[in-house]
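Subject: Structure handover

Hello,

Here is the structure I promised to pass on. Please open it first, then read the notes below.

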Amino acid sequence: MIITIFGPPGSGKGTQSNLLIAKYNLKLISVGDLLRNIISSGGELGKKIKDTVESGNLIQDEVICELLRDQLTLVDDNFLLDGFPRNLNQALFLTRILREKYNRDVNIIIELQLDDKIAIDRLKNRLVCLDCKGVYSATSFKNDDNLVCMKCKSARLERRIDDSDLSAIHRRISEYYIQIKSLREYYKDRLLTVNANLDVVQVKQEIESKISCNLV
Ligand code: ADP
């Protein structure tokens, strides 16, 4: 199975992706996490892309498509893409490379839909575990002394730099709505839309029920 998941920043793509890979036994390719790892490793590419990611802009398609091509050498045809494609050009590249490599295409495309106000609230409060990538809301911790990851117990819970700046948040949200138009059109016969304003479990259930209807 090949799944891709779209949604504005804060829609819970990362959280739902982790639940989906566990349920359907898929490999995860999270482009955002890959980029953040490249940046924190401090190499040449990391230095080049750091400012763009931190300011909330998209990285050039050539860089991202190359990165995806490398990642696809590490998986068979059972994986979930979080953060790819983000525009029509990337979608065309994905169709082409999947046809070349597996003679197939993405079969499940999920779009998480979320109100902007909720997105902004979630991003302002989002904490990410640097070790296991678990995502939390700062509001779920009683006091700042107790910031420990509930999954791996790491104390390295931090805000993402692109969440710390309100203008970067707005830029990412508006860029998302510009690009999603052509993606909706491109995938219109296979798009599963899900209400992401609900809580994690409700969103998970809606996704799973739409996937199972789609697989029969
Ligand atoms: P979010 O969906 O919250 O913006 P991600 O972790 O998916 O977070 O992505 C973080 C940043 O990484 C984006 O703002 C962008 O700079 C970059 N990025 C991720 N995926 C892509 C992509 N497919 N094309 C270009 N840039 C990307």
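Let me start with one loop. K133 is found in the loop between β5 (126–129) and β6. Strands here are DSSP runs of E with at least two residues, helices are runs of H or I with at least four, and both are numbered from the N terminus.

Before going on, two notes on the source. This is a predicted model, where local features need pLDDT of at least 70, side-chain atom pairs count only at pLDDT 80 or more, and totals for chains, interfaces and linings use all residues. Residues are numbered from 1 along each chain as its sequence is written, and side-chain values use heavy atoms, with hydrogens and water left out.

Phi of K133 is near 70°, a positive value in a residue other than glycine. K133 is partly exposed, with a relative accessible area of 30%. The cut-offs are these: buried means under 20% relative accessible area, exposed means over 50%, and partly exposed lies in between (1.4 Å probe, protein chains only).

C132 is also found in the loop between β5 and β6. Its relative accessibility is 31%, so C132 counts as partly exposed. C132 touches C149, K151 and C152, not counting residues up to four places away in sequence. Contact means heavy atoms within 4.5 Å.

**C149**

Where does C149 sit? C149 is in the loop between β6 (135–137) and β7 (157–158). C149 is buried, at a relative accessible area of 1%. Leaving aside neighbours within four places in sequence, C149 is in contact with C129, C132, Y136, S154 and L157. C132 and C149 are 17 residues apart in sequence and 8.5 Å apart in space, C-alpha to C-alpha. For C149 and G10, the separation is 139 residues in sequence and 19 Å in space, again C-alpha to C-alpha.

**Aromatic pairs**

The structure holds six aromatic pairs. Rings of Phe, Tyr and Trp (its six-membered ring) pair if their centres lie within 6.5 Å; planes under 30 degrees apart count as stacked, over 60 as edge-to-face and the rest as tilted. F84 and F93 have ring centres 6.4 Å apart and planes at 75°, so this pair is edge-to-face. F84 and F93 are both buried.

Y136 and F141 form another pair that is edge-to-face, with 5.7 Å centre to centre and 70° between the planes. Y136 and F141 are both buried. F6, Y186 and Y187 form one aromatic cluster.

F84 also takes part in a backbone feature. The peptide bond from F84 to P85 is cis, with omega near -5°. P85 is found in the loop between β3 (79–82) and α5.

**Helices α4 and α5**

Helix α4 (residues 61–72) packs with helix α5 (residues 88–102) at an angle of about 25°, and their axes are 11 Å apart. Axes are lines fitted to C-alpha atoms, for helices over the stretch in contact, and angles run from 0 to 180 degrees between N-to-C directions. α4 and α5 are therefore roughly parallel to each other. Angles under 35 degrees count as roughly parallel, over 145 as roughly antiparallel, 65 to 115 as roughly perpendicular and the rest as oblique.

The crossing of α4 and α5 is right-handed. From α4, the contact uses D61, I64, C65, L68, R69 and L72, while α5 gives N89, Q90, F93, L94, I97, L98, K101 and Y102. These residues divide into nine nonpolar, two polar and three charged. Ala, Val, Leu, Ile, Met, Phe, Trp, Tyr, Cys and Pro count as nonpolar, Asp, Glu, Lys and Arg as charged, and the others, Gly among them, as polar.

N103 lies in the loop between α5 and β4 (108–113). Phi of N103 is near 55°, a positive value in a residue other than glycine. N103 is exposed, with a relative accessible area of 65%.

**Helices α1 and α8**

Helix α1 (residues 13–24) and helix α8 (residues 200–215) pack at about 50°, with axes 11 Å apart. That makes α1 oblique to α8. α1 passes α8 in a right-handed crossing. On the α1 side, the contact is made by T15, Q16, L19, L20, K23 and Y24; on the α8 side, by V200, V203, K204, I207, E208 and I211. Seven of the contact residues are nonpolar, two polar and three charged.

Best wishes

Note on methods. A crossing is left-handed if the near helix is turned anticlockwise from the far one by less than a right angle, and right-handed if clockwise.
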